[in-house]
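I opened this model to look up the ligand site. My notes follow.

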Amino acid sequence: MTSVKAMEKSFYKDVLTGLRSVPKRLEPKYLYDYRGSELFEEITKTPEYYPTRTEMRILKKELNSISDYIGDEAALIEFGSGSSEKIKFLLHHLKGIKEYVAIDISESFLLQSVEKLKKEHQHLYVHTVCADYTVPFSLPSLKAKKKVLFFPGSTIGNFDKQERKTFLNRMSTLLTKGDGFIIGVDLKKDEKLLHSAYNDAKQVTRAFNLNLLQRMNRELLANFMVENFEHKAFYNHEEGRIEMHIESLKDQLVTIGEEEISFQKGETIHTESSYKFSVQEFQNLAKEANFIPKKVWTDEENLFSVHYLEVKA
Ligand code: AVJ
C-alpha cells in the first residue's frame, strides 16, 4: 500500500476570504471533515435523499454492461472514497480488478474505509491518495495498463461552471486514449423532490451544514453560536442548482482566530451548490473536455444517471 498526502492547509485563509466576501461563501469541500463525512453518510440513508440509493440501484441493475465497458485489466481509481458501498460492490463483482486507488480529502476517513476494504479484498493492490481534487495532483504509478476513474455521487454538481470545466479537463489529462471515466450525475427533475432531498425531516442535512460552524469553532478557535444560525436549502431554477446556505438569525459579531466578522440578520453564507443536469447537458460538457460519451445508464424514474466516458486522444 502506498500513501500520499497532498492536502493544502489553507482552511483559515479560505474562511477569512470567504466570510469577508459579499455575499459570504465557503467552499463545499470544507463540509467534509471527519464529522461532516459521517453526517453525509447519514444523509444518504434518509428517505428523502434519493441520489445515493438510486445510483447504487443503477450499478446493481447494469453490472454486466458496466463490467463490459471497464474490461478486466483495468485499475479502478475512485474520487471521494467515502462512498465505500459502491466501490465495494464493484470490486466484489468485477473479479478482474487487481488494483484500486482511493482518493479523498479526509485522511482519517480515507484510511479507515480503506482498512476495511483491504480486509475483504486481500489480493487487491490498494493505493491511497489524500488530496483535494479541486487542485492539480498526480496519480501514483500503477501496474495496470488501463485506468478507469470512478466518480460517483454527483459530486461534479458541487462545481460551478468554470470549476467543472477545469475538473473534467484535468481528469482527461490524467488518462490516456482508451481509458475510461464512470461518473454519476444527478438529473434535473420535479423541484419538490429536489427540495425535500436537501430538507429532510430528521434534519440530518441541517446538522451537516451547521457542522461547518462547529468545525470552525474546533479548528480555528472561532466562537460561532450555532443556535443563532439556521440551515437554508432551496432550488434555484435559473441556475439549475440546489443552493445550501447558513443563515444568520440576528445581527451578530463572530471572532475567528484574531479576526472579527459581522453578520446581519438574514444574511447567509453560501456553503454548497448542487447542480443538476440533463443527460444531453452533461454529455456536451464531457465532449468539450476530450471525452467520448459511450454509454449512459439511468433508473426507471429518471432520477439519476451514470455515464461511461472514454478518452478520445
Ligand atoms: C455529495 C455533493 C453530491 O450535493 O447532493 C447532500 C452533498 N449536500 N446533501 C449533494 C449534499 C447536502 C451531495 N454531494
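**Ligand site**

I began with the elements around the ligand: α2 (34-43), α9 (204-220) and β12 (268-275) each give at least two residues to its shell. Helices here are DSSP runs of H or I with at least four residues, strands are runs of E with at least two, and numbering starts at the N terminus.

I noted the ground rules. This is a predicted model, where local features need pLDDT of at least 70, side-chain atom pairs need 80 or more, and totals for chains, interfaces and linings use all residues. Residues count from 1 along each chain as its sequence is written, and side-chain values use heavy atoms, without hydrogens or water.

I listed the shell next. It holds 14 residues, and Tyr49, Gly153, Tyr198, Glu272 and Ser274 come nearest; near means a heavy atom within 4 Å.

I checked polar contacts (N or O pairs within 3.5 Å). The Tyr198 side chain places an N or O atom 2.5 Å from a ligand oxygen. Glu272 has a polar side-chain atom 2.5 Å from a ligand nitrogen. For Ser274, a polar side-chain atom is 2.6 Å from a ligand oxygen.

**Strand β12**

I then asked how many residues of β12 are buried. The count is 8 of 8, with buried meaning under 20% relative accessible area.

I looked up its partners, where pairing takes at least two DSSP bridges. β9 (residues 241-248) runs antiparallel to β12 over 7 bridges, and Met244 is bridged to Glu272. β2 (residues 24-25) pairs with β12 in parallel over 2 bridges. There, Lys24 has Ile269 as its bridge partner.

Terms used: A polar contact is a pair of N or O atoms within 3.5 Å; within protein, one must be able to donate a hydrogen and the other to accept it, and residues adjacent in sequence count only if both atoms are side-chain atoms. Buried means under 20% relative accessible area, exposed over 50%, partly exposed in between (1.4 Å probe, protein chains only).
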